[in-house]
Amino acid sequence: MRFLLSDEQREFARTLDGMLGACGTPAVVRAWASGEHKPGRDLWARIAEAGVFGLAVPERYDGMGPLPVELAVAFTELGRHAVPGPLVETVAAAAFLDRLGDGAAAGEWLPKIASGDAVVGLCAGAPFALDADAADAVLVVRGDTVCRTDAHGPVQPSLDPARRLSRPLGGTVLARGPAVAAAAAHAVDIARLTTAAQALGLGRALLTATVEHVKRRTQFGVAIGSFQAVKHRLADTLIGLEFAQPLVHAAALAVAANAPSAGREVAAAKVAAGEAGHAAARTALQLHGALGYTEELDLSLWIRKARPLRDAWGTPADCRARVLAV
Amino acid sequence: MNLDFTAAEETFRTAARDWLARHVPATPLPSLETAEGFAAHREWERRLFADRWSVVSWPEEYGGRGASILQWLIFEEEYYAAGAPGRVSQNGINLLAPTLFEHGTDEQRARILGPMASGEVIWAQAWSEPEAGSDLASLRSTAVRTDGGWLLGGQKTWSSRAAFADRAFGLFRSEPDTPKPHQGLTYLMFPLDAPGVTVRPLGRLDGKPAFAELFLDEVFVPDADVIGEPGQGWRVAMSTAGNERGLTLRSPGRFTAAAERLAALWRAAPEPADPALGDRVADALIGARAYQLFTYAGASRLAAGGSTGAESSLNKVFWSELDIALHETALDLLGPYGTLADDAEEAPAHGSWAEGYTFSLAGPIYAGTNEIQRDIIAERLLGLPKGRR
């Protein structure tokens with residue numbers, strides 16, 4: 001057993017972290033929230049260049065996947081930098097098309113996903129599609145049918161303005177039958193895994209920013225980080241994240257191995273990472289005080305993302321039920 | 001990155017599982033915090049030792065199997081999954097033995113470890129004093145030099161297992177008036193039936209004498225029972241504290257097994273009164289798995305040449321709170337039966353949930369309170385400034 005990321009995986013994370021850190025993601029997030037997708041699509045291309053989308057696409061379609069552990073590593077970094085867009089949906093759509101084994105649809109979309117030329121939405125079991133207005137296509141799974149559409153209803157703002165929701169409309173049937181449901185179940189696992197990883201990275205960033213803040217901010221003549229009430233809240237935040245991380249990595253391994261336990265392990269990781277990321281946001285908000293409650297502070301872009309990530313692709317209640325299912 | 005066990009590890013697991021299946025008592029032993037239960041648990045230690053399962057991670061010359069950390073974790077998973085008895089010898093095995101391996105003499109190891117491993121000598125800890133709990137270094141019990149040894153004086157308290165144990169270990173002030181409180185302390189071992197020792201058992205929350213007060217009046221201890229150098233006791237003891245909080249005190253196997261039993265209890269309930277209980281059962285399964293994986297990662301880091309330090313504080317807070325949440329959920333699932341004491345006639349599962357619940361309540365207090373652990377996490381892992389406690 002060596003339950004540690006390899007040197008290569010750690011180096012991959014560092015490279016992404018450095019690249020995203022240099023991109024000034026807050027401006028990209030704000031543009032995305034206003035419906036201006038150009039900076040986001042440019043960033044998308046950089047992320048594709050770094051090989052992230054290819055991790056969900058098999059070699060015969062110009063990818064190098066499927067590599068769930070590397071996907072979890074990459075999405076932790078995407079979450080750390082609050083990157084906007086249907087990132088999770090695109091890699092889950094890739095997993096869906098790959099698993100479905102429909103040569104035509106896979107051949108049309110998977111190479112474009114790997115190269116970053118296609119932004120693909122996925123809507124399965126939820127009323128809204130994320131960022132359909134920015135997507136080149138949205139796959140809509142209903143029961144054992146999957147449709148492809150590029151029409152959607154009006155964009156509705158969500159609690160995270162950078163997550164733009166709309167109802168997918170119409171579409172043409174791509175496939176029908178039990179294979180669709182099986183592929184969709186796999187896609188949901190990938191979506192939950194990558195969402196959990198994003199929540200973990202988001203929480204790490206919120207904790208780091210808050211630790212820095214409480215070291216600098218003085219009240220009563222001392223740094224507020226010297227107060228025990230502040231310390232203990234931050235300690236609990238770290239505990240939540242530290243114990244969520246191995247669940248995310250183990251879930252990725254289970255998915256990679258096609259283990260029968262994969263669905264349960266992914267659900268467990270989703271609960272723990274979603275709750276830990278959300279708790280980190282609550283801590284960040286509280287310990288930044290009124291400053292943290294302001295929209296103009298970039299921290300708000302991270303804080304507002306925590307709750308949707310906790311709930312997307314399976315609320316904590318859904319995922320706990322999955323953990324209990326035999 | 002992988003979670004795979006080697007063939008040798010799987011063989012080890014099978015051997016442990018087979019032995020436990022043949023030897024674990026069908027009915028749980030009486031609580032080890034009673035005279036009858038203590039004796040029964042001592043006998044169980046003897047049976048474990050006879051087949052070299054009492055101290056698997058020790059070298060073979062002391063009755064162990066030279067097991068790796070991972071093998072030890074495997075053994076613990078099997079041990080608790082089999083529903084085997086609590087370990088009455090754990091103070092000695094988990095706290096004193098690592099100190100002897102690191103700081104003891106060959107003579108001490110040869111004399112002390114065998115009887116510890118067989119349950120012939122059961123050890124109590126004697127750290128805390130009435131005025132020295134979390135602030136352990138402020139302890140006032142003394143060790144005064146005498147011919148060939150030391151004379152102990154003062155009072156120890158909340159001394160786990162001391163009501164029925166044979167010997168104890170702890171820290172004593174051997175040099176008065178040192179510049180700092182953690183200087184001038186000496187680590188000593190002494191018999192609980194020595195002249196000058198008075199043991200007054202203390203009832204824990206449910207009344208069982210799980211610990212005791214120790215009154216010490218000119219108790220003679222020979223030089224052979226000092227561990228490390230006189231005056232260096234703090235440094236010697238801190239290596240034990242590291243073990244206590246780290247990988248060794250409460251293995252993940254305890255919690256993965258308890259969470260599985262909780263899930264079985266939930267599934268067996270004809271109509272759970274409160275659907276929210278299902279969420280709490282799921283959280284127990286998730287928490288136990290998280291702790292197991294966190295420990296596998298820690299073991300992997302150690303195997304790769306890393307070390308553990310303040311990370312063990314994360315661990316201690318996590319398992320102690322998981323343990324309480326898990327047992328509270330069990331009692332809630334049991335409804336009116338969950339209010340019965342462990343020795344009640346109709347107590348479910350032979351009272352194991354009630355016993356486990358009472359035991360779990362001590363978790364956030366012993367081995368360094370969770371408040372102290374959170375201070376350590378904040379200061380050493382997050383780099384926050386020291387402040388007033």
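Modeller: Happy to. This is a predicted model, where local features need pLDDT of at least 70, side-chain atom pairs count only at pLDDT 80 or more, and totals for chains, interfaces and linings use all residues. Residues are numbered from 1 along each chain as its sequence is written, chains are lettered from A and ligands numbered from 1 in the order in which they are written, and side-chain values use heavy atoms, with hydrogens and water left out.

Biologist: Which annotation covers residues 6-120 of chain B?

Modeller: The unreviewed UniProt entry gives "domain: Acyl-CoA dehydrogenase/oxidase N-terminal" for that span. UniProt positions are in the numbering used here, feature names are shortened, and annotations may be inferred rather than shown by experiment. In the model, residues 6-120 of chain B are 63% helix and 0% strand, with their end C-alpha atoms 35 Å apart. Helices (H or I, at least four residues) and strands (E, at least two) are DSSP runs, numbered from the N terminus.

Biologist: What makes the buried residues of helix 2 of chain B line one face?

Modeller: Those residues are G37(B), F38(B), H41(B), W44(B), E45(B) and L48(B). Seen down the axis of helix 2 of chain B, they fall within an arc of 120 degrees, so they line one face; the arc is that of the directions from the helix axis to the C-beta atoms. They pack against helix 1 (7-23), helix 3 (69-81), helix 4 (90-103) and helix 5 (106-118) of chain B, where contact means heavy atoms within 4.5 Å. The face turned away from the buried side carries the exposed residues E36(B) and A50(B).

Biologist: Why is R52(B) called partly exposed?

Modeller: Buried means under 20% relative accessible area, exposed over 50%, and partly exposed in between (1.4 Å probe, protein chains only). R52(B) has 34%, so it is partly exposed. This residue lies in the loop between helix 2 and helix 3 of chain B, and its phi is positive, near 60 degrees, although it is not a glycine.

Biologist: And why does W313(A) count as buried?

Modeller: Its relative accessibility is 15%, so W313(A) counts as buried. W313(A) sits in the loop between helix 10 (299-311) and helix 11 (316-324) of chain A, and has a positive phi of about 60 degrees.

Biologist: What is the area buried between chain B and chain A?

Modeller: About 3,700 Å², of which carbon and sulfur atoms give 72%. Buried area is the accessible area (1.4 Å probe) that two parts lose on being put together, summed over both. M1(B), I286(B) and L382(B) supply 22% of the area that chain B buries against chain A, more than any other three residues.

Biologist: What makes D236(A) and R374(B) a salt bridge?

Modeller: A salt bridge is a side-chain nitrogen of Lys or Arg within 4 Å of a carboxyl oxygen of Asp or Glu. The side chains of D236(A) and R374(B) meet at 2.7 Å, N to O, and the count between chain B and chain A is four salt bridges.
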